[in-house]
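Please look at the sequence and the structure below, and keep both in view while reading.

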Amino acid sequence: MEVNTTRMLSLNGSNYALWKTKMEDLLYVKKYHEPVFVAAKPKEKTDDEWTLLHRQVCGYIRQWVDDNVLNHISGENNAKSLWDKLEQLYAKKTCNNKMFLGILFKEL
């Protein structure tokens, strides 16, 4: 399956919800999802292979973030830690989340 990455957008800090959805899809299509979404190292992978895969995934994710975001994650070498850090930094700051919270509080 060929992937069209030309439509992928860079994370700029305000588009996290959209970026996350697209990045998850790309990670699964490229078979880079395991370090981010699998709880433990697969038994068939050596420690060196697992470490290399984490580094590859971190490099891949960093290709799709703006420089102002890169400053916050440039030192991460573990894909799950990098993913969690992006979520911590940007998930609660997106307009969609703010709008959802506004609707939620109106209903309460």
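Leaving aside neighbours within four places in sequence, Lys 85 is in contact with His 72, Ile 73 and Glu 76, where contact means heavy atoms within 4.5 Å. This is a predicted model, in which local features need pLDDT of at least 70 and side-chain atom pairs count only at pLDDT 80 or more, while totals for chains, interfaces and linings use all residues. Residues are numbered from 1 along each chain as its sequence is written, and side-chain values use heavy atoms, with hydrogens and water left out.

Lys 85 lies in helix α5; helices (H or I, at least four residues) are DSSP runs numbered from the N terminus. Lys 85 and His 72 are 13 residues apart along the chain, and their C-alpha atoms are separated by 8.5 Å. With Glu 76, Lys 85 forms a salt bridge at 4.0 Å, N to O. A salt bridge is a side-chain nitrogen of Lys or Arg within 4 Å of a carboxyl oxygen of Asp or Glu. Lys 85 counts as partly exposed because its relative accessibility is 27%. On this scale buried means under 20% relative accessible area, exposed means over 50%, and partly exposed is in between (1.4 Å probe, protein chains only).

How far apart are the end C-alpha atoms of α5? They are 16 Å apart, which agrees with the 16 Å that the 12 residues should span at 1.5 Å a residue. The expected span is 1.5 Å times one less than the number of residues. In α5, the residues Ala 79, Leu 82, Trp 83, Leu 86 and Tyr 90 are buried. They cover an arc of only 100° around the axis, so they lie on the same side of α5. The arc is that of the directions from the helix axis to the C-beta atoms. An α-helix has 3.6 residues a turn, so residues three or four places apart point the same way. The buried residues of α5 pack against α1, α2, α3 and α4.

The N-terminal end of α5 is capped by Asn 78, which has a side-chain oxygen 3.0 Å from the backbone nitrogen of Lys 80. Lys 80 also forms a salt bridge with Asp 84, and here the closest N and O atoms are 3.0 Å apart. Asp 84 and Lys 80 are separated by about one helical turn, because they are 4 residues apart in helix α5. Both residues are partly exposed: Asp 84 has a relative accessibility of 31%, and Lys 80 has a relative accessible area of 37%.

Helix α3 covers residues 47-62. Its 16 residues reach 23 Å from the first C-alpha to the last, close to the 22 Å expected at 1.5 Å a residue. Buried in α3 are Trp 50, Leu 53, His 54, Val 57, Cys 58, Tyr 60, Ile 61 and Arg 62. The buried residues of α3 pack against α1, α2, α4 (67-73) and α5 (79-90).

Glu 34 lies in helix α2. Not counting residues up to four places away in sequence, Glu 34 touches Pro 42, Lys 45, Trp 50 and Leu 53.

Side chains of opposite charge can pair when their charged atoms come close. The count comes to 4 salt bridges. One of them joins Asp 47 and Lys 41, with the closest N and O atoms 3.4 Å apart. Asp 47 is exposed, with a relative accessible area of 53%, whereas Lys 41 is partly exposed at 32%.

Two further lysines remain. Lys 22 lies in helix α1 and counts as partly exposed, at 25% relative accessibility. Lys 22 touches Arg 7, Met 8 and Leu 9, not counting residues up to four places away in sequence. The C-alpha atoms of Lys 22 and Met 8 are separated by 6.9 Å, although the two residues are 14 residues apart along the chain. Lys 31 is in the loop between α1 (16-29) and α2 (34-37). Lys 31 is exposed, with a relative accessible area of 65%. Its phi is near 65°, a positive value in a residue other than glycine.

Terms used. Helix = DSSP H or I, 4+ residues; strand = E, 2+ residues; numbered from the N terminus. Polar contact = N/O pair within 3.5 Å; in protein donor to acceptor, adjacent residues only side chain to side chain.
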